[in-house]
Every structure is written in C-alpha cells, then in structure tokens.
Amino acid sequence: MTSQKIKKNRSRRIVRSSRWRRLKNRFVSSWPWVVISGFLIFALFPVYWIVLVAFRPRGDIFQYPAALLPTNLTLDNIRFVWFGSPTNEPVIGFLGNSLLISVVASVIALSFGVCCAYALGRFRIGGSFLSMWILSQRFLPPIALVVPLFLMFRQLGLLDTHLGLILIYSVFTIPIVVWLMMGYVQSAPRELEEAAYVDGAGYWTAFVRIALPVLKPGLSVAAVFTFIFIWNEYVLAFQLAGNKVATITVYLPRLRSAIAELYGEIAAASLLSVLPAIVFAGVMQRFLVRGLAFGGLK
Amino acid sequence: MSVLTLKNIAKSFGATEVIKGIDLRIDEGEFVVFVGPSGCGKSTLLRLISGLEQADAGEIILDSEIVNDHTPFERGIAMVFQSYALYPHMTVAENMGFPLKMVKEKPHAIAEKVNAAAKTLQIDQLLDRRPDQLSGGQKQRVAMGRTIVRDPTLFLFDEPLSNLDADLRIEMRVEIEKLHKRLKATMIYVTHDQVEAMTLADRIVVLRDGVIEQIGAPLDLYDNPVNKFVASFLGSPKINFLSARVVDVGEGAATLSLRNGARFVVPMPTGDVKKDDALTIGVRPEDFAISGGDFSIPFDLELQEQLGPVSYLHGSSNGEKIVAEHRVRGKILKETASTLGVNSARIHVFDTSGRSVRHGRKGQET
Amino acid sequence: MRGQKRFAWLMATPTIIALIALGIVPLGWMIWTAFQSFPPNPANPPQFIGMRNFVDLADDPQFFGSLRTTAIVLVFSLSLQLVLGFLLALALYSIERGRGLIVSLLLIPTAIAPIVAGIVWWMLFNARFGAINSFLVQFFGIDPVNWTIEMPTALIAIIVAVVWQWTPFVAIILLGGLTTIPRDVLDAARIDGASGWRVLRYIIVPLMRPFFLVVGLLMIIEIVRLYELPFFITQGGPGNETVVAGVYLFKLAFSFFDLGRASMMSVFLVIALSLVAALYMRLVADRRMTVN
Ligand SMILES: Nc1ncnc2c1ncn2[C@@H]1O[C@H](COP(=O)(O)OP(=O)(O)OP(=O)(O)O)[C@@H](O)[C@H]1O
Ligand SMILES: [Mg+2]
C-alpha cells in the first residue's frame, strides 16, 4: 500500500537530524544565485572589457599579458574618436547619421505599423492570411535580400543615400511593429471605441482619440525595438550605403582596416555606440518577460 | 488516517506576520473546516500543514512525529486546490496515476487503482481526455481522484468547490461527504461558504488575522459564539446587533434597556457587569417574531425579500439595521410588522470589547 | 459595417504597399537574377543563363563548406543556448528579489549590435592583447592560444560569441514561459511526491515544450543569418574554415561580384528560412500549444 511506503519513508528519514536538513536546504536554495552570478559575469565581462580598453592608454593596451584590472586611465581614445585624429574620422557625423536614420525610419515604421496592426487586430481584414503574410516578413533577415536590394537600389539611384536606408529600414521594421502591436490591440478593450462610435465619432477619430492613447505603452515598446534594430544594423548599412552616408556600425570596422589596429579607438567608439542599447535593455526586459514568444498572435 | 497536532505555529512573509501562533489538534478521521475572512491566513495555514511552506516557529506533529522539515510527500498528505491544478499535458488517467508513478508503482497496479478511483467518482469514461476537454465539475472529480488513489493520511482542501456553479457545488459537497464517510480519513477543508462549513464539518475553526477565534462543532459555534466576530461570521443573513444598557444587576440575571426604552431581564452571569454598562445584544434573524416574545422593539420595514417558505424583512429599529426572518408566506404590511417580538432567552449579549457574556441557546436547553 | 471594412483596408494599405514594394519585389528580382550572369562591368546588361548558377552552386565546395560550418555552429550554439538558457531561466524563476535589474543587465549582450559583439570578442580572443589569454597565462600558466587563427578554436570563439549574445534572450523567453505555469500545478506535483528534478522532468519540461520550439526556431534564423560575428572575429579564417553561409554569400556578391550565383544562394537561404518560419507560424497559430 502506498501509505505504508510513505510511512516507511518517513521513519527512515527521521534519522537525519533536522539541522543537517536545514543546512542542505540552505545550500540547495542558493543555487540560483550561483547560476545568475556566473551568467552576469559572462554577460558583463565583455562590456567591462570595452570600457576598460576605451579608457586605457595605448601603451597599456598593447602590453602582454593584458592587465585584467584597470591600470592608467585616459580620455585620449574617446577624444580621438570624438574629434577625429590623423588615422580616423570624427565619430560625430556617423552617430548623427545613425540617429537621423533610426529616428525617421522608426517613426515611419511605427505609423504604418500601428495603423496596420489596428486594422488587422480590430477588424480582422484579410483573414489570417494577411496577418500571417505580414508577420512572416519578419523572418527574412536583411542578409537574405541584400543582393537584390543592392541591384534594385543601383537601378533606382538610392545607393548611399539617407532616403534609401530610411526606406529599407522602415520596411524591415514594419512587421516587427505589427507583430508587437497586434497583441496590444487585441488586449485593449474594444468597448471604448464602440462607446465613441455611439457618441458619433468616426472610425478615424475613434482610432486617434481613443485607441492610440490606450496603445501608448505598446508603442513605446515597439519604438525601442525598432530603434535598436536599426541602430544596430550593419549588413544593409554597409552594402547599400557606407561611403557618403555611413552609420556608426560602418564606422567601427573602418578603424580596424586603418594603418594600425586602433584598439583603443575601436573600444571607445563601440562604447559610444552601445550606450542606447544599454539604456533600452531595461525597457525591453519588462516586455520580454511577459512573453514575447507568442506576442502578436495570442 | 492520522492525528495532526499544531503547536504554536507562526509564519511571516517578510515583515507581515500572517500566522500568529496557532495551536490545534485534529483527531483521526475528523473533518475540520477552516473559515475566516479573506486574507486571514487559511490558505497559508493549509500550506504550512502540507509542507509547501516552512513554518517560522512551532511544531507540526503528524501522529507522534515532528514533520516540520519533511517534504509534502513525506508527510503523506493529499491536497485539492481551488484551481484543481491538473497537469495540463497529461490525460485524466495520467493525472490520477501521477502520485503512484512517483512512488514507482507498477504500471498495472497504477491502472487498477486509477480505474477503481475513477469508477467511484464516475469519471471512468473520461480517462483518456485532457484537462482542457473537461468541464469544471469533471476537473473537480479528477482532482479528487488524484488524491484518493494514493491513499493519503490526511486530505487538505483549499476552497475546492468555489469555482463551480450552485448545483454542482451541492453535488460535489455531498460527494466529499460520502468520501469522508467511506475513507474515514482525516480531512481539513477551507471554505468561504457557510453551508459547506456547517454541513461538512465535525468541527469548525474560525480564523481571524492569523489567530484562532474559536473552535467547535458547527451548531455549537452558531449557538455559542465567543465573540461578536464569530457570531457575525456564521449565519446567513447575519446576526443583528442592537446596543443596550444595563439598568439593573441582579443575582444571575440583569435588566437591560434598549434605545427605545424596552426593558427586559436576561439570565446571565453578572460578575463583570455593572449598572449603566453599555452592551451589545445579538439577535439572530430567526429569533424575531412578529407577535410573541417577551419584549418587543419598534420596526420600520423597508423591504421584504420573499424566498418561498421564508422571507427576510429588512428594516431598522431606532436607527439600527435589522434583518428578521418571517416564516409565513405572502406579503406583509408595513403596519403589521411595526414591532418585532424577541424571546429574551435566545439573545446573545456581548460586552464592549465584543466578548460574549451570554450565549443564545443556553436558557433554552436548561 | 461596409464603412468599417473600407476603413480597415485603408489603414492597412500603406503597409501592404510598402511590404510589396520593398519585400516582394526584391524577392522576385532575386529569383530573376538567380538565372542571370552579371558581367564585371555594371554598364553591360546581365544575360540569361538558365540553371547555370544553380549548377555552379551545386558544384561549389565552398558553398557546401559554408553550409557545413553554419550547421556546426548551429548545432553547438543552439544546444548550449537552450540548455544554459533554460538553466538561467530556472534560476531567475526561483529568485524573488532583484529580478528586473538582473534581467536588464543580462539583456545587454542581446541589445548590443552584432558588429560590436564581434569587435568585443575579437578583442577578448586576441592572442597577445586579449583578456582570455591573459587570464589563462596569469592564472593557469597555459601558453597563449591562437584562438582566432587556428582550428577548432576559431570556431569555438564564434560559438562562444553567439552563445554570449543570444543566451540571455533565450533565457528571458523561457522565463516568460515558466511564469505561465500555474503555481498550483507545481505545488500539486510536490504534494504528489515529485522531488525537485522530477517536477522539472515530468511537469515543467513538457509544459515548456512550445516555448523551447519557438525560441529554438528564432535562434535557427539568427544563426543562419550570422554574418557580423565571424566577419569580425575570424574573417572566415583560418583558410575558409569559419566561413558561414552569410559570410560566403557576401563574398560571392561583393568580393567575387558573382551576383547571379549570390542570388541563387539567397534563393536557397530564403527557401530554407521560409520553411523555418512556416513551422513557427504553425506553432504560434496552434492555440493548443500554448499553456492556458
Ligand atoms: N507568498 C506570499 N508572500 C507574501 N505574502 C503572502 C504570501 N502568501 C500569502 N500572503 C499574505 O498572507 C495573508 C494570508 O493569505 P492567505 O492566502 O493565507 O489568506 P486566505 O485566508 O487563504 O484568503 P482567501 O480567503 O482570500 O483565500 C494575505 O495577506 C496574503 O497577502
Ligand atoms: Mg486562500
């Protein structure tokens, strides 16, 4: 009988003192912190290394073996990157390009995307086919389309222009916006808009005045995602532009192909380029835990 | 089947003390119901007994063994959750067989026990379904089935019926009662539902803010509540409270007067009562009568709720709210019910701190 | 009701047009160029050559080499990401305090640009000035390893970088999955006699299956498109040992200017990714897969 088994179990266990058990429990219950600490070190050590090298004088950088702890500190690398030096251009123009392109393309993607998500999520046009088709676009990475886009842009004269990059980035991020916003649209109460219709508002007014304010938190999440995506993109930025119009991601490898490998400068520029990402990681965190995996279609 | 003893159990979550020193002994085969307002610590107490939470202080003793440090399983306890907590990815049969699989029973033995349990609970035709293909009542039966297959020493139920509709509730309540009779197992049951508490319990434990207010058989609690809290917690509609004053203290009885000046003599212990003390009397709705009783209070009828055999008269007396039960069919006129008679033998008396100084049915029994 | 549909279509039209113009048109273009030969001088028009690009690609050992490398990276990174990510998710799940801050910090690698991730690991793995060799030399007295210019360490370096960049993301998605498992169900399992790891095996892992699948598919797509990390860490070396599919595609198109063959390879990648995407869509659309 089961209960006999359990009882036998119980009396066998009593031999172990409860102090031993408490110790064991304490030990066992600390394992998450061991895992988390390990991962934090793994995740953050490279970031620490960038910061370290960015503020390290050239002489110290090329020492062997590399010092793992901070040694002398200098602002030279940052200064060279910011103001330019004989071996490299100033970073500011590249940051400016990245910022301009990221902001404009994000705004376009958000405007298109939220309208589309609203149409799909509220009125279910096009059945599941349309939404599936739009969402499936998210799975085509830039690299898969870079060749035809290059040919197309060459024909259209869009290579190496702000406009070209803005267009292509908007289109690549619209599906992300639709995907993120559809979840928000579907979970927002439709009664609010229906009340507005009853009060005589048109569809557009109800969308702008009632629905959009409710969707604001979702929009800010989507804005963060699109901004980061565009800011971080390298393949298209390099291949469809990268000479006259060059973004920060294109700037970084250039430092490497310069005469000497500009370690300190690369680190300094990398540091500048990851700042927005680090700021936004906090914002992304909240959304991701709520279950991004099933986002749009839930 | 086993005896459960709790000795001075305490539990805090962070800075909030949720269970504040509970002593309780539950005998073999007893059915004990925990009741109390939301957030008073019923679930926490149950989880402490089950071993899902660790007590900060005190001893939990099963039979004669301290089990504070034992895992839930080692305690040999089964539990039915309010949400049923069925494993979504397992069939009904797998759900019910899971505890047996965990003690490495042979598959055919598991199948046998599961089938037997399924038969008694009338779910043998559902064994291959998954939980999301079951109705609420069916899920409930599966959850119970999962507990009985393993033949536990102690059953814990945390508001098991609260997600069911009224009819199913009654059906399952009877089912649980039968189960208890058949298994003669010790059971602890948490509920918000008065009827469940009154009908199922051998003893009811009334909790408030992590302490036990009173323990007793259902009718005993109903008739002899130790304080205003217990009095108002049991009984539906609630007991009525009226403020009163002591006019005269005699030998084993006191004369009280109500706001309207009505005077009456109640037999009660008079040791702690002085003249001019402010007291509260409690009168259960069924202890009012339109005519009769040995004193009466004015009544301003506002609403009559007719439920068939009885109706409830809502109104007030000198500004104090009153609900009275009326056992005659038909609409009653406001004028007819302008006074309510009370049998002084049946009233409860509470002192200013809410403690009971006189229980309602004492006089009747003697 | 009519007006409602019209309004909805008006709202969706800009997106649909944009996606057709810059999503579908390039796809069509790509299929067309996959059957053309591009003369070195862009002024001369391309020529239709039928299946020649396909035949060439099918005969191209470097193409298959790049697929093989991608497959190796995929197998190792994906297993590590899922195992470590799940371990991390469980750890995050079982702590009560500080989760938000920890998750924000852990997500930094995922939020960093891949090109920067490449740079960072290139620096860390540098044989002379990198932190990893410095660590090995100072604490273990091991001779410096030529990480990025020898095999198999070059591949290991890439896999480490991929794992570094995406494991936190995997962990957070899985954490989201864990939080969908009702606490009562876990409690019930403990009451029913499942010890810690048996709760994991019999309850948590089966219930997490859809989340593993979804995050696994997302990671497959990430790894198939891999470009920046190998580009920066090893530049494909030693030899062509670490040339993954993305790097080879770039080489074909922009080093060899064999745009026709590159398009053919793109077609291949798009078809492969579409299959993965279709699987994902099936999964997400299948409501029974989600834990209720
Ligand atoms: N894990 C926990 N962490 C912090 N506080 C808790 C936890 N569990 C319960 N509490 C608090 O302990 C108190 C008692 O909770 P408990 O669930 O035992 O109440 P209850 O009597 O079962 O209430 P209900 O009738 O609503 O189920 C509540 O104030 C609750 O907020
Ligand atoms: Mg509760």
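User: Anything to know before we start?
Analyst: Because the model is predicted, local features need pLDDT of at least 70 and side-chain atom pairs count only at pLDDT 80 or more, while totals for chains, interfaces and linings use all residues. Residues are numbered from 1 along each chain as its sequence is written, chains are lettered from A and ligands numbered from 1 in the order in which they are written, and side-chain values use heavy atoms, with hydrogens and water left out.

User: Which residues surround ligand 1?
Analyst: Among them are B:F13, B:V18, B:G39, B:K42, B:E159 and B:H192, where a residue counts if one of its heavy atoms lies within 4 Å of the ligand.

User: And how far is the polar side-chain atom of B:H192 from an oxygen atom of ligand 1?
Analyst: That side-chain atom of B:H192 lies 3.1 Å from the ligand oxygen, and for B:E159 a polar side-chain atom lies 3.3 Å from an oxygen of ligand 1; a polar contact is a pair of N or O atoms within 3.5 Å.

User: OK, new topic: what order do the strands of the open sheet in chain B take?
Analyst: The order is β17-β18-β19, with antiparallel pairing; strands are DSSP runs of E with at least two residues, numbered from the N terminus, and two of them pair if DSSP finds at least two bridges between them.

User: Why is one side of β17 and of β19 left without a neighbour?
Analyst: β17 (300-306) and β19 (320-326) of chain B stand at the edges, each with a single partner strand, so one side of each has no neighbour in the sheet.

User: How many bridges join β18 and β19 of chain B?
Analyst: Seven bridges pair them in the antiparallel sense, and B:Y312 stands opposite B:E325 in β19(B).

How values were computed:
Helix = DSSP H or I, 4+ residues; strand = E, 2+ residues; numbered from the N terminus. Polar contact = N/O pair within 3.5 Å; in protein donor to acceptor, adjacent residues only side chain to side chain.
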